[in-house]
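These are my notebook entries on one protein structure. I set down what I looked up, topic by topic.

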Amino acid sequence: MHFRPFLLLICSAVITNGLCLPASAEATGEKTAAAASERIPAGRAALLKDLESQSGWLKIYAAEGLLEIGVPEDRDAVRRVFLALDAAGPYSGTEQVGIWRVLARAADDHEELAQWVKKIETIFLAPEEPRRLHALETLCKLRAVSPEVARAAREWMESAPAANAPFCWWSIALEGKDGHAEALLALSKLLREEDQVIRIRTAFTLGQLAGDDGNDETATTEIAQSLRMALRDAEPKPEGAVKHQLQCALYLASHESSERATLREALIADLFTSPNSARLIASTLAGSLPEETATALAPRLTPLLTNENFHLRWAAARLLGDAE
């Protein structure tokens with residue numbers, strides 16, 4: 001099994017989960033939050049606030065945003081929160097997989113990472129487990145696909161819903177070089193499916209494969225061409241979610257600076273008007289914005305940190321976090 005290097009990160013402030021908060025911390029929560037906001041840059045402070053106040057998947061997303069920003073001294077705080085969440089379980093919903101995903105990304109060492117990966121594997125390898133798809137997606141996101149998982153994914157495709165196929169092929173591509181070319185061919189065909197969910201998941205998968213450091217230039221060029229064709233075929237009225245997934249994936253796959261610049265401009269414009277795609281767009285653009293672009297964006301992003309829409313707040317915090 002090969003693990004992709006993961007970011008070790010975040011938060012010098014002490015973060016506590018609301019369900020497990022000591023009485024003394026509850027009594028001084030507002031003062032602590034106010035003091036933290038004075039010490040911590042605005043982007044991180046917004047994510048820390050959501051980490052403390054949100055629950056379920058929104059709490060998970062907040063943690064992952066912080067982990068992506070990658071402030072080393074904050075890693076232990078995030079890990080502490082999610083160890084407490086895990087100890088309060090088990091959870092019957094998909095949230096359990098998300099908690100383990102965060103803990104895997106915040107692990108102290110390879111041994112601890114393997115521990116969380118094994119738990120996620122157990123869910124995927126159970127044939128009757130309703131959370132199999134979430135577990136497989138998580139293993140792919142962690143780049144922690146074993147030969148056993150890849151074989152099980154291939155077998156699962158024979159009976160699973162068609163919309164699950166993109167993530168099955170993703171696992172096959174990650175498991176080894178032999179399956180990579182086969183997976184790319186299958187995924188390029190899935191981009192032409194009428195089903196919107198299939199195309200969204202396929203575009204996301206191709207973008208992730210293109211963004212992997214170990215992917216060779218020939219394969220990345222093939223991915224980019226498939227995505228360009230899919231975008232062209234989607235005109236003149238591509239669906240919003242499909243369009244954004246295709247654009248983000250192509251942004252990650254393209255080696256052409258002018259094409260990336262055009263895509264970047266379009267994605268930035270849509271970030272402010274498409275809340276449902278805001279997290280995807282911000283994650284795609286993070287770390288790649290030219291300094292002058294990031295500087296110009298900051299005054300527009302800052303007001304979003306208090307927006308009532310979580311996804312817009314997250315997007316603004318994530319992009320500002322890089323600049324801070």
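The entries below cover the pocket, the ring pairs, the salt bridges and a few backbone details.

**Entry 1: the model and its largest pocket**

I note at the outset that this is a predicted model. I began with empty space, since rolling a probe the size of a water molecule over the atoms shows where such space is left. I found that the largest pocket holds about 1800 Å³ of space. I counted 50 residues in the lining of this pocket, and E68, K141, F204, Q208 and S283 lie nearest its centre. Several helices give two or more residues to this lining, among them helix 4 (56–69), helix 8 (132–141) and helix 12 (196–211).

**Entry 2: aromatic rings**

My search for aromatic pairs gave 4. One of them joins F124 and W156, edge-to-face, at 5.7 Å centre to centre with 75° between the planes. I placed F124 in helix 7 (residues 110–124) and W156 in helix 9 (residues 147–156), so that the pair links distant parts of the chain, 32 residues apart. Both F124 and W156 are buried.

I next examined W170 and F204, whose ring centres are 5.8 Å apart; their planes stand at 80°, so I recorded this pair as edge-to-face. W170 belongs to helix 10 (residues 165–175) and F204 to helix 12, so the pair ties together parts 34 residues apart in sequence. I read 0% relative accessibility for W170, which is therefore buried. F204, with a relative accessible area of 18%, is also buried, because the limit for that class is under 20%. I also saw that ring pairs link F167, W170 and F204 into a cluster.

I then asked which charged end sits over the ring of W156. It is that of R132, 4.6 Å from the ring centre.

**Entry 3: salt bridges**

I searched the whole structure and found 19 salt bridges. R44 and D74 meet in one of them, with 2.5 Å from N to O. This pair links distant parts of the chain, for R44 is in helix 3 (residues 42–53) and D74 is in the loop between helix 4 and helix 5, 30 residues apart. R44 is buried at 9% relative accessibility, and D74 is buried at 0%.

K141, already listed near the centre of the pocket, forms a salt bridge with E137 at 3.1 Å, N to O. Both residues lie in helix 8, 4 residues apart, or about one turn of the helix. I recorded K141 and E137 as buried.

I found a further salt bridge between K243 and D270, 3.3 Å from N to O. K243 lies in helix 14 and D270 in helix 15 (residues 257–271), 27 residues apart. Are K243 and D270 buried or partly exposed? K243 is partly exposed, at 22% relative accessible area, whereas D270 is buried, at 15%. I also noted that salt bridges with shared partners join R75, D76, R79, D108 and E112 into one network.

**Entry 4: backbone details**

Most residues other than glycine have a negative phi, and most peptide bonds are trans. I therefore looked for departures from both rules. The peptide bond from G89 to P90 is cis, with omega near 10°, and P90 lies in the loop between helix 5 (75–87) and helix 6. R143 has a positive phi, near 55°. I located R143 in the loop between helix 8 and helix 9, and R143 is buried at 7% relative accessibility.

How values were computed: Residues numbered from 1 in each chain as written. Predicted model: local features only at pLDDT ≥ 70, side-chain atom pairs only at ≥ 80, totals over all residues. Heavy atoms only, no water. 1 Å grid on protein atoms, 1.4 Å probe; cavity = no way out; pocket = protein on both sides within 12 Å on 5 of 7 lines; lining within 4 Å. Points joined across faces, edges and corners; volume = space filled by probe spheres on them. Phe/Tyr/Trp six-rings, centres within 6.5 Å; stacked < 30°, edge-to-face > 60°. Buried < 20%, exposed > 50% of the residue type's maximum accessible area, 1.4 Å probe, protein only. Lys NZ or Arg CZ within 6 Å of the ring centre and 35° of its normal. Salt bridge = Lys/Arg side-chain N within 4 Å of Asp/Glu carboxyl O.
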